[in-house]
Every structure is written in C-alpha cells, then in structure tokens.
Amino acid sequence: METEDMEITVSPVHGRFVAEITGVDLSEPLDDHRFTSIHDTFLEYSILVFRGQTLSNEQHIAFSRRFGELEIHPAKHWLLPDSPEILVLSNRGENGTRPIVNGGAYWHSDMTYMAKPPLGSLLYAIKVPPEGGDTLYTDMYKAYETLDEQLKRRIAGLEVIHRYGDRYQKMSSEDKDRPPLTPEQLAEVPDVVHPAVRTHPETGRKALFVNEGFTIGVVGMPKDESAALLEKLFRHSVQPAHIYRHRWQAGDLVMWDNRCTMHRATEYDLRHDRAMHRTTIQGDRPV
Ligand code: OGA
Ligand code: MN
C-alpha cells in the first residue's frame, strides 16, 4: 500500500501525555495534511512514539526540519562529522564520535542553558540492549498544575539560572571518554536566566521549567533557600504517577516537547551496545 493511502492512527499510551502514532513512514516526505495532524498531536500530547522506522541520517534530519531549524550541540565530539545536526548517543561511539555511557542520566530538559532552549528533540534508536537503557519522561504541565496554591504563588515571577558548564565538567571529571569543554565551547554557553514557570508558546498552557540537570539557582535568593526551593520543585516534578517509561526497540523514534517535559536515561549493562541518534529543534526564549 502507498504510504499516502495509509491512515495515521493516534493511540494514547500514557493518558494525555504520550501517544503512539502508526500508519506513517517517516523516511518519506510528508504532505502538509499529514504533517499538520502529527504536529497537532504533538501539541496535544507532548510526546510522540513512532515504532518500526528505518531512517537514514538525511531522512531523520528531513523529518525533524519540518518542525524548525536544527540546533548544533556545543559538545562537538558527539556530532556526526558529516551531519552535525545529529548527536550520537552511543556507548561505542560512531564514525569517530566520543562514546557516551552516562548521557542524560539525571532529570533534565535538553539544553535549557541556552537563551533559546530547543522546542523539542527526536531520538532514534539504532541499537538497544536486551534490557535496561529505558528513558523516563515526566509531564511538566502536570507538575505545575499539581503544585499547591501557596507554592504557585511563591514561584510566580521567579527567575532561575541555568548553566551547562558545571554539569558537563563534573561528568567529564568522572569519565575518561568525556573531554572537558574547551574555553571556546564554554564561551558558547554562558549562564542564562529563564522564568521558573513558562507559558507554552503554542498551547498557552503553563509548565514548570526548572530541572535538576541545569538549573543552578534562583535569581536574588540566598543560596540555601534557593537550593531548598529547587529541590522541592525537582522532587515534585518526578512523582511516579506522572512518569512514562519508554522501553526502546530498534527502529523507535520518540519526539518530545522540551518546553513542557523532562526526561532521564536509566542504566543498562555496558557490555551491550546502545546507539541512538538525536536531532534537536530550535525553540523560543521562554516567557
Ligand atoms: C537525550 C537523552 C536519554 C537516553 O537524547 O537527550 O537525554 O536514554 N537521552 O538516551
Ligand atoms: Mn536529553
């Protein structure tokens, strides 16, 4: 059957947070009608799962580009030399990229240390271990909505600082495969300030926008008080009931909205290969 004749089907996987989309072959160009229905579903759910895909680098990039310009990550040693839009998360490396064994093993939203953090990321599984190496996702709309009123009032209008260097250099000091960022690379990622609660530019919904990975303090708040408040918000955000666990199969592509979700990697037996490719879509300044 020609792909154009196939019906796109949306199946909720985890309430109004994750949907699996079937009936679409992402290696082929999508007409505007089909793209619009995927885009609408993305805004409605925040996380889309596509299974059984076979994508070249060019096809992965082409689908991602439908959503916007792509980001080039500051840690250049993880980027495919011929396609720097693709970040390789592989415990063996690929085509000269550095292996990653502990990438994203803490709750975060991608690259929130940028003045304009990415809109979303698309992670494509090439090789997965027989067990473990799942990715956890949590819903930051829900995190905001379930705060008590007093805490909502306390964080209204607060600004927080995001930084890449601390997280990266700490992990670099513990991992021989992770070279320290060069001064030039660090200069690409100065501290940035974002609101603690952001309004999603497309859905208009409010989401909590602080993360354990990169949020290092509250602007104008004493250090201890700031650390305690952030810790409380981090813990609130990752309640088991709000979490979706993605168990990867090779050929899965998962697309998430970085503006209203967080994710983290989990462990697996490093004797097995795990290789994933990520593209990252540029976003707006959070407000
Ligand atoms: C990412 C990420 C987690 C994982 O691709 O941004 O954090 O499980 N990945 O590989
Ligand atoms: Mn990530």
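This report describes the surroundings of two ligands in a predicted model.

Residues are numbered from 1 along each chain as the sequence is written, and chains are lettered from A and ligands numbered from 1 in the order of writing. In this predicted model local features need pLDDT of at least 70, side-chain atom pairs count only at pLDDT 80 or more, and totals for chains, interfaces and linings use all residues, while side-chain values use heavy atoms, with hydrogens and water left out.

Around ligand 1 stand L89, G104, H108, D110, L123, T135, W256, H263, A265, R274 and R278, where a residue counts as near if one of its heavy atoms lies within 4 Å.

| Side chain | Distance to an oxygen atom of ligand 1 |
|---|---|
| H108 | 3.2 Å |
| T135 | 2.7 Å |
| R278 | 2.7 Å |

Taken alone, ligand 1 exposes 290 Å², of which the protein buries 98%, the areas coming from the Shrake-Rupley method with a 1.4 Å probe.

The manganese ion (ligand 2) is coordinated by H108 (NE2), D110 (OD) and H263 (NE2) at 2.1 to 2.2 Å, donors being N, O and S atoms within 2.8 Å of the metal (3.2 Å for Na, K and Ca). Along the sequence these donor residues follow the spacing H-x1-D-x152-H. H108 is buried, with a relative accessible area of 5%, and D110 is buried too, at 2%, where buried means under 20% (1.4 Å probe, protein chains only).

Notes
A polar contact is a pair of N or O atoms within 3.5 Å; within protein, one must be able to donate a hydrogen and the other to accept it, and residues adjacent in sequence count only if both atoms are side-chain atoms. Buried means under 20% relative accessible area, exposed over 50%, partly exposed in between (1.4 Å probe, protein chains only).
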